[in-house]
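Subject: A structure to look at, with notes

Dear colleague,

I am handing over the structure below, and I would be glad if you kept it open beside you while you read. My notes on what was found in it follow directly after.

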Amino acid sequence: MVTFLPRLPGRLADVPSFDRAIGGAESNVACTLARTGHTTRWISRVGTDGFGDHLLTAIADCGVDVRHVRRDPLRPTGVYFRTAGDRATGTHEVAYYRAGSAASAMTAADLDPAALYAGRILHLSGITAALSADCLGLLRELTTRRPGRPLLSFDVNYRPGLWRDTARARVLLDLARGADLVFVGDDEARDAWGLHGPRAIRQALPEPHTLVVKQGRAGATVFRRTREPGGRRDDATFVPALNVDLVAATGAGDAFAAGFLSATLRGLPDRARLRHGHLWAAAALTVPGDLATPPSRPYADRLAALGDPAWETLHLAPGWTAADTSGHRADEEVPTQ
């Protein structure tokens, strides 16, 4: 979608002007990964309008392959407006204009399997399932376990504004069960499924071999199922979140997923995967838009390797990803206030 970000705080009814940006869970993940050297492809549908032109140009400029995005001459590109406030507060407003959009017309028949399955990871979002019956059918098809598919990553991304009937949102639980790697916030699981706490979520989602439960400012827990001679074991690893000077929370979940996926592609251990997720989320939290440039790979690696006391006292302020990292210890390199 094209995103319109307010130039001033306040209600949508009162904000006089907006800045245009790009948004969308899957494209955010693809752009963020591409900006740190990973090869990514974004597959979707946009209109033949100017907003569609803007999306394709902006996403391609991040280094993402957009050759498999289809243009729809009959349907518009989706857009949305939001306020500047934190999503978790009661004053936050989002106005989606996606009903009947080009993306809402996606079906499994439209997509090239060779393009879908060429990568090591196929990343999906639960937001897509809410757009239309066709999109839900597409997600059901892609989350069906079958030989030859890549590692399937699924971010639940429950948005109450898109699921006005909470009972329908339980379909997200069914989709998650078909994935290999699942990201879900504990608040999402509570609101959509009535589940409380990481252990309860894992009990409801035993099928994915990796489950990441994001716990807001507390941190995140990853559950990973491993095989042993005597059977299977489910290991749990918790990493606390970072102390961040918040600018805007929108896009942080996508950045977290991108950081975790980047570390997964590199074969890093679970603790490092969670730390990279937190670092990339911190990059998004310290900018006003949905999409942030993550820290360079060497810089993120040094910060992720900090001892527990240094990690837990790390304080990240706006501009921290651009800090000069030459000749300093990792715990002395970060702008703080």
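Arg82 has its place in strand S5, where helices (H or I, at least four residues) and strands (E, at least two) are DSSP runs, numbered from the N terminus. Please keep in mind that this is a predicted model, in which local features need pLDDT of at least 70, side-chain atom pairs count only at pLDDT 80 or more, and totals for chains, interfaces and linings use all residues. Residues are numbered from 1 along each chain as its sequence is written, and side-chain values use heavy atoms, with hydrogens and water left out.

Is Arg82 buried or exposed? Arg82 has a relative accessible area of 2%, so it is buried (buried means under 20% relative accessible area, exposed over 50%, partly exposed in between, with a 1.4 Å probe and protein chains only). If residues up to four places away in sequence are not counted, Arg82 touches several others, among them Phe4, Phe18, Glu93, Thr250 and Asp290, where contact means heavy atoms within 4.5 Å. The C-alpha atoms of Arg82 and Phe18 are separated by 9.4 Å, although the two residues are 64 residues apart along the chain.

**The open sheet**

Four strands, in the order S2-S1-S5-S6, form an open sheet with mixed pairing; two strands pair if DSSP finds at least two bridges between them. Because S2 and strand S6 (94-97) each have a single partner strand, they stand at the edges, and one side of each is left without a neighbour in the sheet. Strand S5 (residues 79-82) and S6 run antiparallel and are joined by four bridges, and in S6 it is Val94 that stands opposite Arg82. Helix H2 lies across strand S1 (2-6), S2 and S5, and runs at about 60 degrees to S2 (axes are lines fitted to C-alpha atoms, for helices over the stretch in contact, and angles run from 0 to 180 degrees between N-to-C directions).

**Aromatic rings**

How many aromatic pairs does a search of the whole structure find? The search finds eight, where rings of Phe, Tyr and Trp (its six-membered ring) pair if their centres lie within 6.5 Å, and planes under 30 degrees apart count as stacked, over 60 as edge-to-face and the rest as tilted. The pair of Phe183 and Phe256 is edge-to-face, because the ring centres are 6.5 Å apart and the planes stand at 85 degrees. This pair links distant parts of the chain, since Phe183 is in strand S9 (residues 181-185) and Phe256 is in helix H9 (residues 252-265), 73 residues apart. Phe183 is buried, with a relative accessible area of 0%, and Phe256 also counts as buried, at 4%. Elsewhere, Phe4, Phe18, Phe51, Phe81 and Tyr97 form one aromatic cluster.

**Covered elements**

Helix H1 (residues 25-34) is mostly covered, with nine of its ten residues buried, and these buried residues pack against elements including S2, S7, H9 and H10. Strand S7 (residues 121-125) is mostly covered as well, since four of its five residues are buried. S7 pairs with strand S8 (residues 151-155) in the parallel sense over five bridges, and the bridge partner of His123 in S8 is Ser153.

With best wishes
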